[in-house]
Amino acid sequence: MKRQMIIVLAGIAILSAGCASTTFTEYRGKGVVEGKGGTVRKVDGIEFWENGEPDRKYRILGVIDDSRASGPLARKKDGAIAKLARARGGDAVVLSGQDRQLAGVDSYGNVHYRSLTKMVVVKYVD
């Protein structure tokens with residue numbers, strides 16, 4: 001009975017660590033920014049700037065915070081970020097910060113982490 005309880009608790013811990021959260025917070029401010037460039041890749045029609053910033057004029061719309069379990073499921077992160085950025089009127093996202101934190105240890109001694117990503121959503125200004 002004790003062993004079953006440990007397995008159930010470990011399963012709950014792993015499932016809760018696997019839950020993803022992608023949220024948008026609106027930015028309020030005036031002004032247009034003109035970036036200097038950097039590295040860019042496209043995901044589902046949204047430009048992802050990770051080393052630098054867009055090489056054109058843009059307005060900041062808000063910030064996306066994404067938190068999810070590290071590992072194979074974390075690969076879906078970019079699609080979720082692109083979908084939310086597009087829904088909020090964005091043309092691109094700019095990496096603002098990335099980190100990971102300890103999520104827990106399962107009954108087999110495996111360490112689990114959460115990936116934390118912060119992206120600034122921007123709209124190009126022509």
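Visitor: Is V111 buried, partly exposed or exposed?
Guide: V111 is partly exposed, because its relative accessible area is 43%. Keep in mind that this is a predicted model.

Visitor: Where does V111 sit in the chain?
Guide: V111 is part of strand β7.

Visitor: Which residues form a nonpolar patch with V111?
Guide: L102 and V105 do. Together with V111 they have about 280 Å² of accessible area on the surface.

Visitor: Let me zoom out. How many helices and strands does the chain have?
Guide: There are two helices and seven strands. Read from the N terminus, the order is α-β-β-β-β-β-α-β-β.

Visitor: And what share of the residues is buried?
Guide: Buried residues account for 30% of the chain, which has 126 residues.

Visitor: Back to β7. Which way do β5 and β7 run, parallel or antiparallel?
Guide: Antiparallel. Strand β7 covers residues 111-124, and eleven bridges join β5 to β7.

Visitor: How many bridges join β2 to β5?
Guide: Two bridges. Strand β2 is residues 33-34, and the two strands run antiparallel. E34 faces K57 in β5.

Visitor: Where do side chains point along a strand, in general?
Guide: In a regular strand they alternate between the two faces of the sheet.

Visitor: New topic: charges. How many salt bridges does the structure hold?
Guide: Seven. As background, side chains of opposite charge can pair when their charged atoms come close.

Visitor: Which residue does R28 pair with?
Guide: R28 meets E26 in a salt bridge, at 3.8 Å from N to O. Both R28 and E26 are exposed.

Visitor: And R41, what is its partner?
Guide: R41 forms a salt bridge with E50. Their closest N and O atoms are 2.6 Å apart.

Visitor: Why does R41 count as partly exposed?
Guide: Because its relative accessible area is 32%. E50 counts as partly exposed too, because its relative accessibility is 32%.

Visitor: What does D91 pair with?
Guide: The side chain of D91 meets that of K123 in a salt bridge, 3.7 Å from N to O. D91 lies in the loop between α2 (77-87) and β6 (92-105), while K123 lies in strand β7, so the pair ties together parts that are 32 residues apart in sequence.

Visitor: Are those two buried, partly exposed or exposed?
Guide: D91 is partly exposed, with a relative accessible area of 23%. K123 is partly exposed as well, at 31%.

Visitor: Which residues join into one network of salt bridges?
Guide: R41, E50 and D78 do, through salt bridges that share partners.

Visitor: Now rings. Which residue lies over the face of Y124?
Guide: R56 does, at 4.0 Å from the ring centre. Also check Y113: the charged end of R100 sits over its ring, 3.8 Å from the centre.

Visitor: Let's do loops. Where is S70?
Guide: S70 is in the loop between β5 and α2. S70 is partly exposed, with a relative accessible area of 35%.

Visitor: How far is S70 from H112?
Guide: Their C-alpha atoms are separated by 7.3 Å. Along the chain, S70 and H112 are 42 residues apart.

Visitor: Last one. What is the phi of D44?
Guide: Near 50 degrees, a positive value in a residue other than glycine. For context, most residues other than glycine have a negative phi.

Visitor: Where is D44, and is it buried or exposed?
Guide: D44 is in the loop between β3 (37-43) and β4 (46-53). D44 counts as exposed, because its relative accessibility is 52%.

Terms used: Residues are numbered from 1 along each chain as its sequence is written. This is a predicted model: local features need pLDDT of at least 70, side-chain atom pairs count only at pLDDT 80 or more; totals for chains, interfaces and linings use all residues. Side-chain values use heavy atoms; hydrogens and water are left out. A charge sits over a ring if NZ of Lys or CZ of Arg is within 6 Å of the ring centre and within 35 degrees of the ring normal. Two strands pair if DSSP finds at least two bridges between them. Helices (H or I, at least four residues) and strands (E, at least two) are DSSP runs, numbered from the N terminus. A salt bridge is a side-chain nitrogen of Lys or Arg within 4 Å of a carboxyl oxygen of Asp or Glu. Buried means under 20% relative accessible area, exposed over 50%, partly exposed in between (1.4 Å probe, protein chains only). Patches are made of residues with over 30% relative accessible area and no salt bridge: like charges are joined within 9 Å, nonpolar side chains (Val, Leu, Ile, Met, Phe, Trp, Tyr) within 5 Å. Accessible areas come from the Shrake-Rupley method with a 1.4 Å probe; for residues, only the protein chains shown count as cover.
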